[in-house]
Structures are given as C-alpha cells and as structure tokens.
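Here is a short briefing to read alongside the model. Take a look at the structure first, then follow the notes on its aromatic residues, its cores and its surface.

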Amino acid sequence: MILLYFIIFILLALVFILSVRMMALSRSVNLLTEELDMILSEESNVLLTTSSGERSVKKLVERINVELKKLLKIKSQYSKGILDLKCSAENVAHDIRTPLTAIKGYVDLLEKEEISSDGRKYLEIIKDRVEYMKALTDELFLSLSMKNRGIKTLEEIDAKSILEEALVSYYSEFQKKNIEPEIVLPENRVRIKGDEKALYRVYLNIITNALKYGEDFKVEMNEKGDTVFSNYSPSLDSVDVNRLLDRYYTISDAKASSGIGLSISKEIIEEMGGELRVKLEENRLYISLSFQR
C-alpha cells in the first residue's frame, strides 16, 4: 500500500513538473512570437533573444535568427536598390527637363518668325507635345524628389501665408486665362502641423490642375486650415475624377496632364497626417484638404 502511495506521489510530482515546464514553454513561445512580430513590423535589425533554459527553445531561436539575418540582408539590399533606382530616375528626369526647356525656347522664337500656315500648324503641334512632356517630367521630378527627401518632422506652420504665396505666383497665369479667382481666407494666421515646402508644392499642384481643367477658380480656407479648391470643369466626368489621383492617368481632353501632381500631393498630405479628397458635383470639381492640428 505504501508503495502504491509512493508511486502516485511520484506521478503527481512528475505531472506538476511537466505542467510547470509546459507553462514556461508556452510563455517563452508567446514572448518569442511578440518579439518576432515587433522585429518584422518595425523593420528592426535586432535578433530574437530568450531567457528560457529549454534546449529546444534555444535551438529554435538560433534557427530563426539565422533566417532573420538572411531576411534582413535581403531587405537592406532591396531598400538600397529602391533608393538607387529613385535617384537614377530623378537624375534622368532632371536631364530630360533641360533639353525640353531649350526646345520650348526655340519653339517660342520660331513663333515670332514668318512661317506658312501649315508650318504654324505643325509648330503648334510641336509646342503642345513639348509642353506635355515638360509637364510630365516636371511632375515626375517632383514626385521622385519628394519621395527621396520625405517629411522628417512636422512643425507648426502658417497654412494661410503659404497658400497666399502660391496664389500670388500664379497671378499671371490667371490673367492669361481671364480667370478672376474667388478667394476666401480667414483674417488671422492659420496654424497647422506640417512641412512648409511640401505644403507649398501641394498648393501649386492643385492650382496648376485647376488652370488645366477649369474655367474658373475658387478657394476657401477656414480657421482650422481645412481648405476646399473648386473650379467648373465640364470636360471631366465621374470616371476621370475617380482616377484623378492615380499616377500617370491622363485626362484625354486636358493638355499636358499626367496625374502625378495630385497623386504625390495626396501622399504628401497623408504624410502630414491629413487627407486629400476629390469629388465632382454638377460639373464642378472639388479638391478638399484637411490637416492634423
């Protein structure tokens, strides 16, 4: 009888020990899972560690770390390759812009010369194509340069003064198209969190698209910095608007339009914690910006 009790005691002790080890093993696996998720989500170069005394767990961690090192090496090579590709594309875009600017200058000079009606017609075609290519490369260069620079930190900036500066820079363009912009701005400064240069580029892109597509122009900004640009755009339809933020999408009725400008503008605003939306109502295009405060 004593022997039976002794055996039961030994079995219970073994069960207790195994339960403790299983609990410790389960806890170690859970901690490793959390640590691995953190490493993968934060793109960290840190490897897995464990305080478990289990040989099997230590062996598993060693094996995972071997694969992690391979993965981190591949990710590093991929990131470097993407950066090199962006830099090369930016350089190519810059190199293309220079001769296009020169060609545009020669076309402008040719327009002042005495040429036949057919020659002037062909010259207009050349001018349109050059302007299209120049707009495409300008927006591509902007897209790549903004992507490479990125937005490191958000600072308190005056959205109203930045918008005013952008509007003034397009004063002559509004005059050429006989457009009198309707501008509604708050009296006081409008403080938001953002990047001054990036926001200035966004405003320029939106105004540029309004001049391309629209027949008038209106902008309203409230005291929180939320801004709505609108213009009458009979050449646009719902399909065009739904794809207006797609990169490289071209509106068939608009000259020199590539879609990159609004696409990169949306990305910039989102990097600043804001939102850019577009909609079309009764042939009027609305582009709305809201900002982090």
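Phe217 and Phe229 are both buried, where buried means under 20% relative accessible area, exposed over 50% and partly exposed in between (1.4 Å probe, protein chains only). Please keep in mind that this is a predicted model, in which local features need pLDDT of at least 70 and side-chain atom pairs count only at pLDDT 80 or more, while totals for chains, interfaces and linings use all residues. Residues are numbered from 1 along each chain as its sequence is written, and side-chain values use heavy atoms, with hydrogens and water left out.

**Aromatic residues**

- The structure holds three aromatic pairs; rings of Phe, Tyr and Trp (its six-membered ring) pair if their centres lie within 6.5 Å, and planes under 30 degrees apart count as stacked, over 60 as edge-to-face and the rest as tilted.
- Tyr203 and Phe229 make a tilted pair, at 6.0 Å centre to centre with 50 degrees between the planes.
- This pair links distant parts of the chain, with Tyr203 in helix H6 and Phe229 in strand E5 (residues 227-232), 26 residues apart; helices (H or I, at least four residues) and strands (E, at least two) are DSSP runs, numbered from the N terminus.
- Tyr203 counts as buried because its relative accessibility is 0%, and Phe229 does so because its value is 2%.
- Phe217 and Phe229 form another tilted pair, 6.2 Å centre to centre and 50 degrees between the planes.
- Here Phe217 sits in the loop between H6 and E4, twelve residues from Phe229 in strand E5.
- One aromatic cluster is formed by Phe174, Tyr203, Phe217 and Phe229.

**Nonpolar cores**

- The largest nonpolar core has 38 residues, and Leu199, Tyr203, Phe217, Phe229 and Leu289 have the most contacts inside it; such a core is a set of buried Ala, Val, Leu, Ile, Met, Phe, Trp, Tyr and Cys residues joined through side-chain atoms within 4.5 Å.
- Two or more residues come from each of helix H4 (159-169), helix H6 (196-213), strand E4 (218-221), helix H8 (260-271) and strand E7 (284-290).
- H6 gives the largest share of this core, ten residues.
- A second, separate core of six residues includes Leu32, Val57, Val61 and Leu68.

**Whole chain**

- The chain's secondary structure comes to eight helices and seven strands.
- Of its 293 residues, 34% count as buried.

**Partly exposed Leu14**

- Leu14 lies in helix H1 (residues 2-41) and counts as partly exposed because its relative accessibility is 44%.
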